[in-house]
Each structure stands twice: as C-alpha cells, then as structure tokens.
Amino acid sequence: MKITQVDLFEVEIPLIPPIAKYFPKIYEITLCRIQTDEGLEGWSEYNGPPAVQQEKAASYLGQDPLALDPFAQPDCFTCALLDITGQAFGIPVHRFFGQKLRDQVPVSYWSCHMEPHETAAEAEVGASKGFKNHKLKARSWDIVETVRLMKEAAGPDYTVTVDPNTEFRLLHIAARIASELEPFGTVSAFEDPVLKNNFDWYRLLREKTNIPMALHMGDPVGVLKALKAECIDYGNIGGTSVQVRKAAALAEAADVPCWVQMGGVCLGVLAAYSVHVQCTIPNATLPCDELPFMRVADVVEDGLVVEEGHFKVPEGPGLGIKVNMEVVEKYRVA
C-alpha cells in the first residue's frame, strides 16, 4: 500500500449564534486527508493553518502507511494513519490504545462568557438536549448571578463546571465566590480559578470549599507536580493522544478522575479521535470538552453520535466516521 495524496483543508464553520455573538471565530482548523492506492483514506484535524504541516504532509507521498510508526508522527497525522490502519485490519482506532472500557463517553454543553440571562438560556437548551453538565467560561463579577439563573432555567440536576481561566486571580476572591456558589448545589468543579503559579492556593482553596478543584494540564510532568502538591480533585487533560494517556495514568495512580480536552470547540474528526482515546482510559469518567455541536455544521455526517449528553463510541473500522466533502468544500477557506 502506498500513500498517493495528502490534502490539507482549512475550514471555517461558524459557531452557533449565541456564541458567535462574542466569538465570530475561535481558532483556525485544518482537516487532513491521507489517501492510498488501495482506496483507503484516513482523516485527522488540527488547530492551525495548512502551511504549518504542508512540508510534512508532502513527505508522506509514496510511503507505505502501514510501515510508518503513527506515534512517531505529529499527532494530526497520527490520527489519519491510525484511521487507515484500522480500516486495513478491520478494527476501530480505540483498539490501538487498549481495552475499550465504556460504550459511551460523557460530554459537557458549553458557553463562553456571556450575559447571565444569555447563559441561562443556553443552559435551558443544553438541558433540553439531554446534557447533564455545562462547562462555563466564568467571570468574577457575574458568576453567582449566572449560576442562579442557570439553576432556575435548567433545574437542580443540571451541573456547572466553572472555568474562569484564572480570572478570579487571588485566593481570597475565589474563596468568597465559592462560598456564594456552594448553596446552589449545582457547581461540579472550579477549573483554574486562581493563578496557576501557586499550587498552595489551590490546596488551601480545597480546604475552604466543598467544590472540587481542577487544573487544565497537558504535560504529564505538570500533572505529577499538581498531584504531589495535593492541590486538585480532578484533572482536565489535554495534548496529544500519547500525552493524554500518560497524564491520565498518573492521575489514575492517585485516584484522581479526569476529563479530556484534545480539541475543545473542534470538529467531529478530532472529537471522534478523542472519544476513541477516552473510552480506554479508566479514570476519564467526567464530561469531556469535545464540542463539535457548538458549530452550525459539522464535517462528520455519520459515525459520531451525541445522545443524552454522551458520545457513542464509534465502532469503526478506523475512526468509524464518514466525512461529508460537500460540507468541507462549503466552509473551506484554504
């Protein structure tokens, strides 16, 4: 088998209107398609313009995809090569990462920071679609009012992960906000509430509130440091598939649950890859941050299903998805 063509498609698919009001564009997304002389094609996705990987993409022409070590390649090509290999051998991608531990993976609904009544309206939408958790970009000046309105709109069983991206900044501010949020009983975690250069603050904050503390991490070394500092209850694990598995294994050894964010507000190709990885990670039990449904369309037309706040794990072969080229061409910009 030989690689005959590698295509890179930069696409811009708008976010849903409530989010697009604040973020007309979040980041650049490029899709990669690797085609072979035996009619197989593998897909992957990465953040950034095509030019970043153009030279590397061209280097694969004429090579046997089954002879390449996929994990020695940039992760965007790892996915496409695993997709081809899975199709060649008739197995789903998750088989390359270990035993499948679950048939579905929980996922959060999501909002950027908006006016409290707008976020509440989105929470009502999320609840109506069966989501159980809402990942929320939070700000110190209105998060309490926002959570109050979200609870009124979505009900007491709809939980909120509060992610201020360290905007609360200081320990005493985060502690005050936590004390005001605790009575609602719907906040499932604080993610990155204060500055991340002082793990002592996170440890002290854990002592001052019953709201679990989480850090967004990618490098396994950073995860190990956080675990040694005893400053987290949960981990939000990002990075490549290899980094995610290494970091999650460290957290598992310390009995720390995690969720995964390989793509964030991505498209279905990267979301499917992430779901294949997550379903093999024992402690990846919390709702993930793979959010292709936050855009007005997706390039995946079949194979990746979201029901009641869960992704169903595609059964392959390969990624187990079908890409709609009409959608790719409609939103293609390069």
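Begin with helix H4 and colour Pro116, Glu118, Thr119, Ala120, Glu122, Ala123 and Gly126, which are buried. Keep in mind as you go that this is a predicted model.

Then step just past the helix to Gly130, where phi is positive, about 95°.

Next, pick strand E2, residues 29-36. Is E2 covered on one face or both? Both: Ile29, Leu31, Arg33 and Gln35 are buried on one side, and Thr30, Cys32, Ile34 and Thr36 are buried on the other. Now show the partners of E2. Strand E1 (residues 3-11) runs antiparallel to E2, with 8 bridges joining them; look for Val6 opposite Ile34. Strand E3 (residues 41-47) is also antiparallel to E2, over 7 bridges, and here Leu31 stands opposite Glu45.

The largest nonpolar core has 89 residues, and Leu181, Phe190, Tyr273 and Val299 touch the most other members. Helix H10 (residues 268-278) gives the most to this core, 7 residues. Zoom in on Leu181 and, setting aside neighbours within four places in sequence, you'll find it in contact with Ile143, Val144, Val147, Val162, Val187, Phe190 and Ile211. Another core, of 16 residues, lies apart from that one; its members include Ile3, Cys32, Tyr46 and Ala80.

Arg169, in the loop between strand E7 (159-163) and helix H6 (171-181), has a positive phi near 65° although it is not a glycine. Arg169 is partly exposed, at 46% relative accessible area. Asp255 is another non-glycine with a positive phi, near 60°. Find Asp255 between helix H9 (241-253) and strand E11 (258-261), in the loop; Asp255 is exposed, with a relative accessible area of 71%.

Last stop: which kind of peptide bond joins Gly316 and Pro317? A cis one, with omega about 10°. Pro317 is in the loop between strand E14 (310-312) and strand E15 (322-323).

Key:
Residues numbered from 1 in each chain as written. Predicted model: local features only at pLDDT ≥ 70, side-chain atom pairs only at ≥ 80, totals over all residues. Heavy atoms only, no water. Buried < 20%, exposed > 50% of the residue type's maximum accessible area, 1.4 Å probe, protein only. Helix = DSSP H or I, 4+ residues; strand = E, 2+ residues; numbered from the N terminus. Pairing = 2+ DSSP bridges. Core = buried A, V, L, I, M, F, W, Y, C linked by side-chain atoms within 4.5 Å. Contact = heavy atoms within 4.5 Å.
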